[in-house]
Amino acid sequence: MTTATTTTATPAQPAKNRQLPSPAELPNAPVVIYDGHCKFCIGQVQNLLRWDGKGRVAFISLHDPEVARRWPDLTHEMLMEQMYVVDPQGNRYGGAAAFRHLTRVLPKLWILAPILHIPFTLPIWQFGYRQVAKHRYLLMGKTTDACDDGSCKVHFK
């Protein structure tokens with residue numbers, strides 16, 4: 001599995017040095033599918049891990065072959081455009097809707113829920129999310145040269 005860090009957690013370690021829990025480790029948790037080659041995305045996933053603290057959410061990089069096996073309906077192109085959350089019932093949430101869903105799962109994000117759930121505002125949040133997602137490699141770069149084959153050019157339009 002591809003993870004943002006390879007250090008094993010100990011209780012004294014801060015969240016940013018802990019290994020991300022996988023779907024296999026948390027089979028009944030929502031799964032965040034993120035770009036494991038993106039430094040910005042890894043930072044945000046580490047924030048989610050820190051805000052979680054109780055093992056409520058699992059994480060997997062979109063580049064992990066397990067993603068294609070478990071969720072064949074989520075194409076590589078779809079996953080490169082936005083983060084996805086798959087809940088235990090199999091519902092898929094993408095982009096701003098994924099983050100909005102996490103505000104119902106992680107208590108530390110509950111404070112954002114009233115704003116993100118204002119009726120008819122999801123298109124506005126989605127637009128803002130798409131702008132950041134489209135430019136994420138320009139914002140902080142990528143962790144490997146794996147995308148140099150042109151597969152990431154969707155972000156440089």
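Why does F120 count as exposed? The relative accessibility of F120 is 82%, and the cut-off for exposed is over 50%, so the residue falls in that class. F120 sits in the loop that links helix 5 (113-116) and helix 6 (122-134). Its phi is near 70°, a positive value in a residue other than glycine. Most residues other than glycine have a negative phi.

The model is predicted. Its pLDDT averages 83 over the protein, and 80% of the residues score at least 70. Residues 1-17 stay under 50. For this segment the model has 32 contacts beyond four places in sequence.

Strand 1 (residues 31-34) and strand 2 are paired in the parallel sense. The pairing runs over 4 bridges. V31 has A58 of strand 2 as its bridge partner. Together with helix 1 (residues 39-52), the two strands form a right-handed β-α-β unit. Strand 2 covers residues 58-61.

The largest nonpolar core holds 17 residues. V31, I33, I60, V67, W71, L74 and L79 touch the most other members. At least two residues of this core come from each of strand 1, strand 2, helix 3 (76-81) and strand 3 (84-86). A second core is separate and has 16 residues. Among them are V45, A98, V105 and L106.

Key: Residues numbered from 1 in each chain as written. Predicted model: local features only at pLDDT ≥ 70, side-chain atom pairs only at ≥ 80, totals over all residues. Heavy atoms only, no water. pLDDT = per-residue confidence, 0-100. Contact = heavy atoms within 4.5 Å. Buried < 20%, exposed > 50% of the residue type's maximum accessible area, 1.4 Å probe, protein only. Pairing = 2+ DSSP bridges. Right-handed = clockwise from strand over helix to strand, strands pointing away. Core = buried A, V, L, I, M, F, W, Y, C linked by side-chain atoms within 4.5 Å.
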